[in-house]
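Subject: Structure for you to look at

Hello,

Here is the structure I promised to pass on. Please open it first, then read my notes below.

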Amino acid sequence: MRYLPLSETDRRDMLAAIGVDSVDDLYVDVPEAARRSGLVDLPTHAGEMAVEQAFVGMASKNLSPSRVPSFLGAGAYRHHVPAAVDYLIQRGEFLTSYTPYQPEISQGTLQYLYEFQSQVALLTGMKVANASMYDGATATAEAVLMALRVTRRSKAVLSGGLHPHYREVVETHARFYGFEAQVLPADPLAAEDLLPRIDGETACVVVQVPSFFGQIRDVTALAEACHAAGALLVVVNTEVLAWGLLRAPGDMGADIVAAEGQSLGNPTGFGGPHVGLFATRQKLLRQMPGRLAGQTTDVAGQRGWVLTLNTREQHIRREKATSNICTNAGLCALAFTIHLTLLGEVGLKRLARINHANAAVLATELAALPGVSLVNDSFFNEFTLRLPKDAAAVVEALAERGILGGVPVSRLLPNAGLDDLLLVAATETTTPAHRAALTQALAEVLS
């Protein structure tokens, strides 16, 4: 029998109960420009083998970072993920219930969440961390909402160096939650001064380190200025590996840290999956979104793990919830934890040094090309180049030569007048042959 769960009568009855005339009426809040009218230009049906062949053909048109020299970054970074990670995340200890509300059958899940939190707290220099969030962008928006609750103020100041996607997510939240998101211009050459923006209505200042353009800054003075005005400092990071070398945000006075953890344990894909990191100070624990797993002892005195903090309202009374993110990126968090455990502190620092060294050599080689200049005065493993031609066109020309040469800034900031800027990332997967190939190809494209 074919699985047809609803008849036309069922659909009419459901629509009548809701109080609308058609299924289309359910989407009236979606802007007209975002809706598609009619069917997608695809066959209405096909056999399994035909569908598989069609998708294999489509996939073959992609230039995979695993097969060609790749210098892509801008928030998603290609690192080597040990084979042990994929094996260990499939072990039975972790294949427990989806939501670990029953600790007696969820010890594997709860233990790795506890270890994950401990690792994130150590990396960020903060006292507490939650059991992960969807990704860095939503973690940033949740950090702003948390600051609004803590300070009872209505304005968030966003650095121009914040990743454009993260900024857009915060602005979307501002639209529906009714707070002001004051965004500074995205200019890698400007000496951004956030201090004059802080006033009595400022709930938080959001700054990314390293910035979207790769710049590194010490935010200690900024944290002091925020605290003097009664505001909080939110530090954002899109490349968690940078903390293997840079000062931890907590050591610079950050109150909340929101970050993307994809770099550890999670290979890059077409937009994901990612894993959001979220940490804060002890005194702000009760306002932190998401879950917190804790360590305890059972009746026999043995060590065990439980959900220590979990805002129940986020499941049953959403209007009273601290957060409406009701789950965590569990599998990705597990992969993160296993990868970081395999590295250890020494391995993490060594890997970070390799990343920075590869980027420093590449930046020197590329900046020596005629017409090319390095915008950054500091960076970790990603930097911004100014080219004598349109960066998007250059990237396309490099792709035709089998090289993924980076991300044009105009792709993420299309109307900012930064069309000649190119983001270039180098990781431990970047070999001397890759660097030579990019340098030669870029010289040819620019000649």
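This is a predicted model: local features need pLDDT of at least 70, side-chain atom pairs count only at pLDDT 80 or more; totals for chains, interfaces and linings use all residues.

Residues are numbered from 1 along each chain as its sequence is written, and side-chain values use heavy atoms, with hydrogens and water left out.

Aromatic pairs

The structure holds four aromatic pairs. Rings of Phe, Tyr and Trp (its six-membered ring) pair if their centres lie within 6.5 Å; planes under 30 degrees apart count as stacked, over 60 as edge-to-face and the rest as tilted. One of the pairs is Phe116 with Phe336. Their ring centres are 5.3 Å apart and their planes stand at 75°, so this pair is edge-to-face. Phe116 sits in helix H4 (residues 107-124) and Phe336 in helix H9 (residues 330-367). The two are 220 residues apart, so the pair links distant parts of the chain. Helices (H or I, at least four residues) and strands (E, at least two) are DSSP runs, numbered from the N terminus. Both Phe116 and Phe336 are buried (under 20% relative accessible area, with exposed over 50% and partly exposed in between; 1.4 Å probe, protein chains only).

Another pair is Phe379 with Phe383. Here the centres are 5.3 Å apart and the planes are at 55°, so the pair is tilted. Phe379 and Phe383 are buried too.

Helix packing

H4 and H9 pack at about 50°, with their axes 9 Å apart. Axes are lines fitted to C-alpha atoms, for helices over the stretch in contact, and angles run from 0 to 180 degrees between N-to-C directions. H4 and H9 are therefore oblique to each other (under 35 degrees is roughly parallel, over 145 roughly antiparallel, 65 to 115 roughly perpendicular, the rest oblique). Their crossing is left-handed (the near helix is turned anticlockwise from the far one by less than a right angle; clockwise is right-handed). H4 brings residues including Tyr112, Glu115 and Phe116 to the contact, and H9 residues including Leu334, Phe336 and Leu340. Contact means heavy atoms within 4.5 Å. The contact residues of H4 and H9 divide into ten nonpolar, four polar and one charged. Ala, Val, Leu, Ile, Met, Phe, Trp, Tyr, Cys and Pro count as nonpolar, Asp, Glu, Lys and Arg as charged, and the others, Gly among them, as polar.

H5 (136-151) and helix H6 (residues 164-177) cross at roughly 45°, and their axes come within 8 Å. They are therefore oblique to each other. This crossing is right-handed. Among the residues that meet are Ala141, Val144 and Leu145 in H5 and Tyr166, Val169 and His173 in H6. The contact of H5 with H6 has eight nonpolar, four polar and no charged residues.

Backbone spots

Most residues other than glycine have a negative phi, and most peptide bonds are trans. Ala74 has a positive phi of about 55°. Ala74 lies in the loop between helix H2 (48-59) and helix H3 (83-88). At 12% relative accessibility, Ala74 counts as buried. Ser132 also has a positive phi, about 95°. Its loop runs between strand E1 (128-129) and helix H5. Ser132 counts as buried at 2% relative accessibility.

The peptide bond from Val209 to Pro210 is cis, with omega near -10°. Pro210 lies in the loop between strand E4 (202-208) and helix H7 (220-228).

Best wishes
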